[in-house]
Amino acid sequence: MNSATLFGFCSAAIVGLGLFGLIVSPHPLRRILAFNLLGSGVFLFFGVVARRGAAAGLGADPVPQALVITGIVVAFSATALAVALVLRLFALTDEAAPTSEADPKAGAEGGHS
Amino acid sequence: MALVFDIGIVSLLIAIGAWMIMARDTLVAVIIFVVYGLLMSIAWVRLSAVDVALTEAAIGSGITGMLLLSAAARLRQTEGAGARPSFPVCVAAGSLCALISAGLAGVVLLPADVAPTLAPLAVANLADTGLENPVAGVLFAYRALDTLLEKVVLLLALLGVWSLGSDRAWGGAPALGAYVPPNDILVFFAQVLPPIGIVFAAYMTWTGASHPGGAFQGGTVLAVMWLLVMMAGVARAPPISSTKVRWLLVAGPALFLAVGFLGFVIAAGFLAYPVDYAKALIVLIEIALALSIGVTLALLAAGPPERTLQP
């Protein structure tokens, strides 16, 4: 087994882990984290494809590498937008229900719905 | 020996990824994510992708970690919001994800007879671009349209973040660093590091034409330096209505687009470069892009405007 195959398995495992976190995490911020993990697994898969395409004296195919660089930057901008949305969401929820912490009944209902 | 090292990296990556998903505390999970990003950049070096390793370390781990850390700190009191799904749902989700992982692993095990590659083509035409780094060649010559549109995506994301501010704060400044108590160590670093960081960013942008590096990595270093200065309160975040900031934001993409249209006149078409001036034009675009990327990434991480302008 060469190291490209090894990293291929790693990317498969990370995609699975990220997807699992995306499904079971209750907190939106944790879902953003899991989504980033999933994305990094996909990027690593590209890296394995690039490594296998090593030719013409290069250690890896430059085209998937450039795609991954673009992908990392776009993933960051999506993360920043998602984080801003989550912060705004929680800020609005706090404004709308300022008594939810003081009133345990309201809090319990919110938790179940 | 190298394989043993790779096995170590891979096991660490999977273990840390699992820990990140399972960690109870969000702040802990974010810190694990930063460690994971740094390990991932070692994995990229092992895959002979040094350009990606630099990007991953700077963006994937550095600035994303910074953004998520501040968000996690602000959402500390919402920690208990929502509950994990019931055990059977978790088992079902786990089986589904294991199935997907197994499928992907199968794809890894069954590669094509001849691995698809564009490396020979990329190298064969590299001389015409005047560049020596094939990844820069793909980013700024062969797939220049992707890179241009990616800059537009960054600007759109920034518009999205800005529009999440309240109406009262429109045109104001992000609150970054405004409420932080004076911290001598942070201020010290915010004064000592930026000069070094700026030189480093300029070098990374310049050397990107021939060696690993480039506008993305240089721009990210600039962004992190500016964020450090803003967080320490050494310089306040600028109001988003500032004309100077807006010009800096669009300078890179606008120059890129202008050179693209110039291609109709002096070269074969849109985003084509004349062979004699290709490298000069690309380096010029990279310098403008590094500045724009730095400002865009920093403002994306700084978040929506929250402080209204002082009259």
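**Domains, helix packing and chain contact**

Chain B is divided into domain 1 (1–74), domain 2 (85–116) and domain 3 (117–311), with bounds from an automatic or database domain assignment. This is a predicted model, in which local features need pLDDT of at least 70 and side-chain atom pairs count only at pLDDT 80 or more, while totals for chains, interfaces and linings use all residues. Residues are numbered from 1 along each chain as its sequence is written, and chains are lettered from A in the order in which they are written.

Reader: Are H1(B) and H2(B) roughly parallel or roughly antiparallel to each other?

Author: Helix H1 (residues 2–22) and helix H2 (residues 26–46) of chain B, both DSSP runs (H or I, at least four residues), have axes 9 Å apart and pack at an angle of about 155°. Angles over 145 degrees count as roughly antiparallel and those under 35 as roughly parallel. H1(B) and H2(B) are therefore roughly antiparallel.

Reader: Is B:Leu159 buried or exposed?

Author: B:Leu159 is found in helix H8 (residues 144–162) of chain B. A residue is buried if 20 or more other C-beta atoms, placed from the backbone, lie within 10 Å of its own, exposed if 12 or fewer, and partly exposed in between. Because B:Leu159 has 11 C-beta neighbours inside 10 Å, this residue counts as exposed.

Reader: Which helix gives the most to the side of chain A that touches chain B?

Author: In contact (C-beta atoms, placed from the backbone, within 7 Å) are 66 residues of chain A and 81 residues of chain B. Helix H1 (3–24), helix H2 (28–52) and helix H3 (62–96) of chain A each supply at least two residues of that side of chain A. With 23 residues, the helix that gives the most is H3(A).

Technical notes
Two residues are in contact if their C-beta atoms, placed from the backbone, lie within 7 Å. Axes are lines fitted to C-alpha atoms, for helices over the stretch in contact, and angles run from 0 to 180 degrees between N-to-C directions. Angles under 35 degrees count as roughly parallel, over 145 as roughly antiparallel, 65 to 115 as roughly perpendicular and the rest as oblique.
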